[in-house]
Amino acid sequence: MSKPRVRFAPSPTGYLHVGGARTALFNWLFARHTGGTFVLRIEDTDRERSSWDMVSGIVDGLRWLGLDWDEGPDVGGPHAPYFQSERHDRHVMRAERLVGDGRAYYCYCEPDELNAKRQRAESSGGAWQYDRTCLALSPSEIARREVVGTPRAIRFKVPDGATTFDDLVHGPIAFDRSTIEDFVILRSDGHATYHLSVVADDVDMAITHVIRGDDHISNTPKQVLLYEALDSAVPRFGHVPLILGPDKKRLSKRHGATSLTEYQEAGYLPQAMVNFLALLGWSPGSGDQEVFDLGELVGRFSLDGISGGNAVFNQDKLDWFNGQHIGRLTDTDIAKRLEPELRAAGLWRDEFAGARREWFERVIALLKSRARKLSHIVEQARPFLADAITFDDKAVAKHLAPEVATLLPELAAAFGSVEPFEEDGLERALRELAEEHGLNAAKLIHATRVAITGQAASPGLFEVLALVGRERTLARLATAASLVSS
């Protein structure tokens, strides 16, 4: 048996969105798991809405996710071209072949005439399908119209019976062909419709499996008819569940960001997005593992694991995955990724990549377990990197009560004699001072945290103090004491 050939065929009328990215991922994982071929084909036949900027957005989104293609734009391959607009002549040839085989026919009906028939049927409460007016034309009448150049489309002649296919996700599906009208495959302007172009290209590119969204199920019977009419093997179809928002409606802008570009700019890691998307409608099987890298997903992926039910986009879950994958990065890698953001925030110093690199990476190691985005590390790193801090008013009001704040100068003196300036000695000095004054140590810890970071929450206080250093710690304790007493 030949190895699978799958394709991702986006229309470049918008940036790569979450649903399209998940479809591309499933196709890519299937190809890589089976040793098959992943084809990227750009369906740019919507000439008015397509643009190269949009093509670049799709390509950049796939590359950001780490999804490469074996054939397609910038790669080439034996079935080029991979832009549908460049395959126009092949589409026309297929349509004319179907006419010659008696599987399709010329339709000279004008749009206004068809609309009038449709409106009359609907006004009487009925549905309307094309009535095959042009199928009844005599050969001589067709020849006459062709000689004078009468504009015409080409319609596929739908045979009687039923169209069935065994969907890889949903199982057997059947459509009564009486509900399918003779559909247009070539418009009167000479351009192929979606159904013909996609089937013709799949045939030319030897596609064996079509993995796409549930919203395409209704297109499948027409396309199966075309594969059969072209004497081509029908690919195996697998229709994956749609992605819904929390309100159980189809994911859209009203639910927030939908394009990969927006998530990239918001500080999400591509490996986290891949992990999250893979588990939207697919299960890796037994076990409770949720965090996977791309290689692990390739090893575990199977179409059998795709659920037939719709998946709900959970922003909190994506944030959790992002935090998990941040935790998997090395401190050195995070440091490199953070440099541009720290420069933009005015917090970067070249010594963080030089003499103080080890210290800087210790700060990252302390903060990364609490971060859901890389931008969170930038925010949390400010007390370590900046000379001055900003106090949160609520934190001051809650934890810097006068009776505790008056002890800060004494705490500074105690910290000043701690040698070396490390966690164990700092914790011992604080707890001894609290016990000496009959104070719950937790109150002094909270007050010290606010004095050093300006915030009510932080990583472990004594780890923070050791990294902030003696000089800044003593200065900030003095500032906080004066803040309360003023």
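This is a predicted model: local features need pLDDT of at least 70, side-chain atom pairs count only at pLDDT 80 or more; totals for chains, interfaces and linings use all residues.
**Stop 1: two crossing helices**

Select residues 18-34, which make up helix α1, and then residues 270-278, which make up helix α9. The axes of α1 and α9 sit 10 Å apart, and the angle between the two helices is about 85°. Angles of 65 to 115 degrees count as roughly perpendicular, so that is the word for α1 and α9.

Now show the side chains where the two helices touch. On the α1 side, pick Val18, Ala21, Arg22, Leu25 and Phe26. Their partners in α9 are Val274, Leu277 and Ala278. What classes of residue make up the contact of α1 with α9? Seven are nonpolar, one is charged and none is polar.

**Stop 2**

The whole structure holds 33 salt bridges, and we'll visit a few. Start by selecting Arg97 and Asp231, whose closest N and O atoms are 3.3 Å apart. Arg97 belongs to helix α3 (residues 88-100), while Asp231 is in the loop between α7 and β9. The two are 134 residues apart, so you are looking at a link between distant parts of the chain.

Arg97 counts as partly exposed because its relative accessibility is 31%, whereas Asp231, at 63%, counts as exposed.

**Stop 3: a bridge between two loops**

Next, select Asp182 and Arg132, which form a salt bridge with an N to O distance of 2.6 Å. Each sits in a loop: Asp182 between β6 (171-176) and β7 (184-186), Arg132 between α4 (111-123) and α5 (139-148).

Is Asp182 buried or exposed? It is buried, with a relative accessible area of 3%. Arg132, at 29%, is partly exposed.

**Stop 4**

Move to helix α12, residues 331-344, and select Asp333 and Arg337. They are four residues apart, about one turn of the helix. Their salt bridge has its closest N and O atoms 3.3 Å apart. Asp333 is partly exposed at 25% relative accessibility, and Arg337 is partly exposed too, at 32%.

**Last stop: a network**

Finally, select Arg7, Arg41, Glu43, Arg87, Arg94, Asp201, Asp202 and Asp204 together. Salt bridges that share partners join these residues into one network.

Notes:
Residues are numbered from 1 along each chain as its sequence is written. Side-chain values use heavy atoms; hydrogens and water are left out. Axes are lines fitted to C-alpha atoms, for helices over the stretch in contact, and angles run from 0 to 180 degrees between N-to-C directions. Angles under 35 degrees count as roughly parallel, over 145 as roughly antiparallel, 65 to 115 as roughly perpendicular and the rest as oblique. Contact means heavy atoms within 4.5 Å. Ala, Val, Leu, Ile, Met, Phe, Trp, Tyr, Cys and Pro count as nonpolar, Asp, Glu, Lys and Arg as charged, and the others, Gly among them, as polar. A salt bridge is a side-chain nitrogen of Lys or Arg within 4 Å of a carboxyl oxygen of Asp or Glu. Buried means under 20% relative accessible area, exposed over 50%, partly exposed in between (1.4 Å probe, protein chains only).
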